[in-house]
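This briefing covers the pockets of one predicted model and one of its loop residues.

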Amino acid sequence: MERVSTETAVRTAALQVEGLIFDYPDGHRALGGVDLRVDPGERVALLGPNGAGKTTLALHLNGVLRPSVGRIAVGGLELGDRTVHEIRRRVGLVFQDPDDQLFMPTVREDVEFGPLNFGLRGEQLRQRVDAALHAVGMAEHADRSPLHLSGGQRKRVALATVLACDPEMLVLDEPSSNLEPVARRELAELLLELEATMLMVTHDLPYALQLCPRSVLVDGGRVVADGPTREILSDTALLAEHRLELPYGFRLD
């Protein structure tokens, strides 16, 4: 399938992944040579069955994992020991389970944690945190414990912790998982308002269609399809081959 983006290769990519190979310590090869380019402003869904390598790939993009072989660059800056701190500012990773991201006594302290780590202090810090909380509709809950919030609210706070760091790119791991329908819709509306480049790891094919014009299908640690989301989801043979299917009764037209 053809790529959605028609930008020339001269333009600096928001994300460039070349020949990415990753082996776990037990010898299992999770990624077998991934090439991926995401241009500034794109919203891309990363699709694939369980065990395909999607989350493993996502964890490489801000240096949580390091490749066995290959190259990753964000906004032209190559990931390495000397650049990982700046890469982590540029790439905001929102985990599937917000409890992996929220650990401070209050919502405000959780949202402050990242910007503090990147050197913000005083009024600049307060403004950044307030803006992030307003952006996700959680300003009125700033002094509450994250433990006392609903699942949807915790997802919003986890997103705020990343937005407060002013990233150039958002990487979202299964953002719709475990959300009731209303919270799922509200989160989608929020994500559509954001201007950051976005890579969304998801099993939720309708969510991918709603949020991401382009999709990349990964299986066996490799990219097997890359193109307009609607085209990929319309290819029933392709989906079946890679153990994916649309919900019963869902129509693309």
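The largest pocket is lined by 20 residues, and those nearest its centre are Asn62, Leu93, Gln101, Phe113 and Gly114. Two or more lining residues come from each of helix 2 (84–90), strand 6 (91–94), helix 3 (107–117) and helix 5 (151–163). This is a predicted model, in which local features need pLDDT of at least 70, side-chain atom pairs count only at pLDDT 80 or more, and totals for chains, interfaces and linings use all residues. Residues are numbered from 1 along each chain as its sequence is written, and side-chain values use heavy atoms, with hydrogens and water left out.

**Terms for pockets**
- On a 1 Å grid over the protein atoms alone, a pocket is an open set of points where a 1.4 Å probe fits, with protein on both sides within 12 Å along at least five of seven lines; lining residues have an atom within 4 Å of a point.
- Helices (H or I, at least four residues) and strands (E, at least two) are DSSP runs, numbered from the N terminus.

**Largest pocket**
- Its volume, the space filled by probe spheres set on the grid points, is about 500 Å³.
- Helix 3 gives the largest share of the lining, 4 residues.

**Second largest pocket**
- The second largest pocket holds about 170 Å³ of space.
- Helix 4 (residues 122–135) supplies the largest share of its lining, 4 residues.
- Among the lining residues are Arg128, Asp166 and Glu195.

**Asp235**
- Asp235 sits in the loop between helix 8 (229–234) and helix 9 (236–241).
- Asp235 counts as partly exposed because its relative accessibility is 29%, between the limits for buried (under 20%) and exposed (over 50%), with a 1.4 Å probe and protein chains only.
- A polar atom of the Asp235 side chain lies 3.0 Å from the backbone nitrogen of Leu238.

Technical notes
Polar contact = N/O pair within 3.5 Å; in protein donor to acceptor, adjacent residues only side chain to side chain.
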